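The following paragraphs are intended to be read alongside the sequence and the coordinates. Please keep both in view while following the text.

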Amino acid sequence: MQEQSLVPPSSVLRLPVAQMRHVFSPAEVERKLARLQESGSQREYDNLRSVYERMLERGPERFQVKPAGVPDMAALYEALPNFSAVLDDVKRHVALAQDSSDGLEVTPMLLLGPPGIGKTHFARQLAELLGTGMNLLPMSSMTAGWLLSGASSQWRGARPGKVFEALVEGEYANPVIVVDEIDKASGDAQYDPLGALYSLLEHDTAQSFTDEFAEVAIDASQVIWITTANDSRSIPDPILNRMNVFEVDAPTLDQARTIARKLYQGIRAGHDWGRLLDPEPLDDVLDVLAQMPPREMRRALMTGFGNARLDQRASVLVADLPKAAAGRSRIGFMQ
């Protein structure tokens, strides 16, 4: 695939290096479109014709981005302390891509751990760090493999799959695609929701991934794959073998307090009303928040902020937090 540098090597460290990468061949699309028009195909192929025309209109070039230098990840290590091993792995991949024309290649990863510990939040933070986009695919609601790889245009209501959409309709050749709750994928022998991943998670075969709707080869080899699961036992071994598996533990008490403090500061800084609230949370509020999974901390904090403002106070008190949350014991807490 052709690549062209858009940012000189001397760029500021924090700016991403962007190259252009072709994610499909326009000539192949033109041939497909010409055959469709010559065949005088029925109206049911209008969607397929529109897809080909859209591809030619947008063109094949997408941004392939990477950090212009190994980024300072100290803030991420502090905000996501139970993801340190994953961040170490990302840092190694970023270092490999520096001082070269190579793109950023990250081995597909599985984040394995209990619900609510921040796996999806980590994926969003990683996409922001790498300077690329993120697409979330919740497998618990997907019941057929064609949602990833597309369905044949011969079927009524068929459309391209999510990978095709991310690369053709998106801006990046290397988006972060999160397959959330991969262990909850359901299907039968005829429609395997995970079937497309066998080729997509392999770098060589992903270079010419063919969506079943468009039937045009797409270069999905640069996609950064993150999968999440609570239990790996239902994930087929051939898929597990294609990924780096990271067992993410629930945060310790000290780590949970750090996460809660960072969330407090982040929410406060992200809203204009935050200037009316104390810059730091009270210690006893942190103690209560630390008993919750990270997923619940944000909801509790928003309730606490709202109650504090109702009373025209700058400080969030324990009494401002949801009563159920304030009295809940921590599940799976690590001593």
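**A helix pair, a helix face and selected residues**

Helix α1 (residues 26-38) packs against helix α2 (residues 46-58) at an angle of about 150 degrees, and their axes are 10 Å apart. The model is a predicted one, in which local features need pLDDT of at least 70 and side-chain atom pairs count only at pLDDT 80 or more, while totals for chains, interfaces and linings use all residues. Residues are numbered from 1 along each chain as its sequence is written, and side-chain values use heavy atoms, with hydrogens and water left out. Helices (H or I, at least four residues) and strands (E, at least two) are DSSP runs, numbered from the N terminus. Axes are lines fitted to C-alpha atoms, for helices over the stretch in contact, and angles run from 0 to 180 degrees between N-to-C directions.

Helices α1 and α2 are therefore roughly antiparallel to each other, a term for angles over 145 degrees, with those under 35 counted as roughly parallel, 65 to 115 as roughly perpendicular and the rest as oblique. Where the two helices meet, α1 contributes P26, V29, E30, K32, L33, L36 and Q37, and α2 contributes L48, R49, Y52, E53, M55 and L56; contact means heavy atoms within 4.5 Å.

Helix α5 (residues 119-130) has 12 residues, which at 1.5 Å a residue should span 16 Å, and the 17 Å between its end C-alpha atoms agrees with this. The expected span is 1.5 Å times one less than the number of residues. The buried residues of α5 are K119, F122, A123, L126, A127, L129 and L130, where buried means under 20% relative accessible area, exposed over 50%, and partly exposed in between (1.4 Å probe, protein chains only). Viewed down the axis of α5, these buried residues fall within an arc of 160 degrees, so they line one face of the helix; the arc is that of the directions from the helix axis to the C-beta atoms. Just after α5, G131 adopts a positive phi of about 80 degrees.

Strand β9 (residues 224-229) holds T227, which is buried with a relative accessible area of 0%. Beyond its neighbours within four places in sequence, T227 is in contact with M109, L110, L111, V179, I182 and M243.

Positive phi values also occur in residues other than glycine. E181, with phi near 55 degrees, is in the loop between β6 (176-180) and α8 (197-200) and is partly exposed at 24% relative accessibility. E215, with phi near 55 degrees, is in the loop between β7 (209-210) and β8 (217-218) and is partly exposed, with a relative accessible area of 44%.
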